[in-house]
Amino acid sequence: MVDFHQGAFLQLANGHDGSTIAVWPVPLISSFTMPPRSRLPAGHEHLAQILFAQGFGARRECEGLVLHGLVQVDGEVVDDPDAVFPEDRLELVVDGQPWVSHVKALVMLHKPAGYECSLKPGAWPGVHNLLPVPLRRRGLQPVGRLDQDTTGLLLMTDDGPLLHKLTSPRHHVPKVYEVTCKHPVTQAMCDKLLKGVVLDDDPAPVRADAAELVLPDATQSDTNHLRLTLLQGKYHQVKRMVAAVGNRVEGLHRSQIGRLSLPEDLAPGQWRWLDDPALVLP
Ligand code: URA
């Protein structure tokens with residue numbers, strides 16, 4: 001019988017023929033003392049496991065943070081890695097960093113120019129670099145991509161089904177773009193964009209859901225600004241559609257996804273939790 005309370009327990013190793021060939025003590029680590037998950041109340045977890053799932057490091061590192069008194073829960077230091085808490089929306093401070101746990105992460109980011117959305121960026125840094133380390137470790141994926149030189153609202157998540165819902169063409173999530181064009185935008189251009197233009201990779205026309213001139217003020221009729229709403233997310237779609245009507249994109253900013261507008265107080269490069277996906281879905 002192995003004694004789990006002596007600070008060490010015995011580990012058996014098997015020879016090639018399956019026989020036991022060695023017995024040696026290994027240090028007790030707390031995971032051996034944890035009650036099985038099945039005995040935890042639904043939606044609850046051990047503190048060290050919560051930190052691990054949030055991206056605060058390997059399991060042992062998370063245990064170490066707790067054992068060293070570096071973790072607060074609801075304002076109190078908790079030094080037992082096996083202490084059990086609700087795993088979602090737990091108010092933590094981890095090594096001085098305030099953190100609210102999110103079992104599934106959904107964040108909005110104000111993407112600045114000069115960042116790539118690719119998971120393996122090349123010439124430019126990836127948008128992941130704008131997120132804090134725990135979220136980087138969790139491998140959040142961008143919900144659709146913005147070009148390196150496009151700015152504005154970008155969502156990122158590690159929730160697979162939600163990612164699918166937000167990117168699937170079947171769900172028709174509208175995206176609004178503020179477009180600065182090289183040449184004046186005419187009503188005829190808007191009409192063509194609304195009717196549909198053919199791009200080089202598909203004979204089926206793509207059409208804008210909305211296309212309107214954005215006039216600098218009520219007295220002027222000439223503008224290089226266009227507000228375009230798209231339901232699809234094809235590669236370079238805005239740039240190619242605008243080129244197809246004889247103009248050229250010089251600046252591109254996404255201001256809205258679904259019902260969610262980029263908050264005015266979210267500066268370029270900043271991110272924020274998005275607690276309710278219903279704020280995005282139409
Ligand atoms: N369409 C583009 O051409 N670029 C973007 O970044 C987004 C939409």
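A residue counts as buried if 20 or more other C-beta atoms lie within 10 Å of its own. By that criterion, 26% of the 282 residues of the protein are buried. The model is predicted. The protein holds 6 helices and 19 strands. Contacts between residues at least 6 apart in sequence were also examined. Of these, 57% join residues at least 24 apart.

The ligand site was considered next. Leu146, Asp147 and Thr150 belong to the surroundings of the ligand. His236, Gln237, Val238 and Lys239 also surround the ligand, as does Leu252. By class, the shell comprises 3 nonpolar, 3 polar and 2 charged residues. Helix H6 spans residues 237-244. This helix makes the top contribution to the shell, with 3 residues.

Attention then turned to Val77. This residue sits in strand E5, which covers residues 76-77. Val77 has 11 other C-beta atoms within 10 Å and is therefore exposed. The cut-off for an exposed residue is 12 or fewer such atoms.

Conventions:
Residues numbered from 1 in each chain as written. Predicted model: local features only at pLDDT ≥ 70, side-chain atom pairs only at ≥ 80, totals over all residues. Near = placed C-beta within 6 Å. Helix = DSSP H or I, 4+ residues; strand = E, 2+ residues; numbered from the N terminus. Nonpolar A, V, L, I, M, F, W, Y, C, P; charged D, E, K, R; others polar. Contact = placed C-beta atoms within 7 Å.
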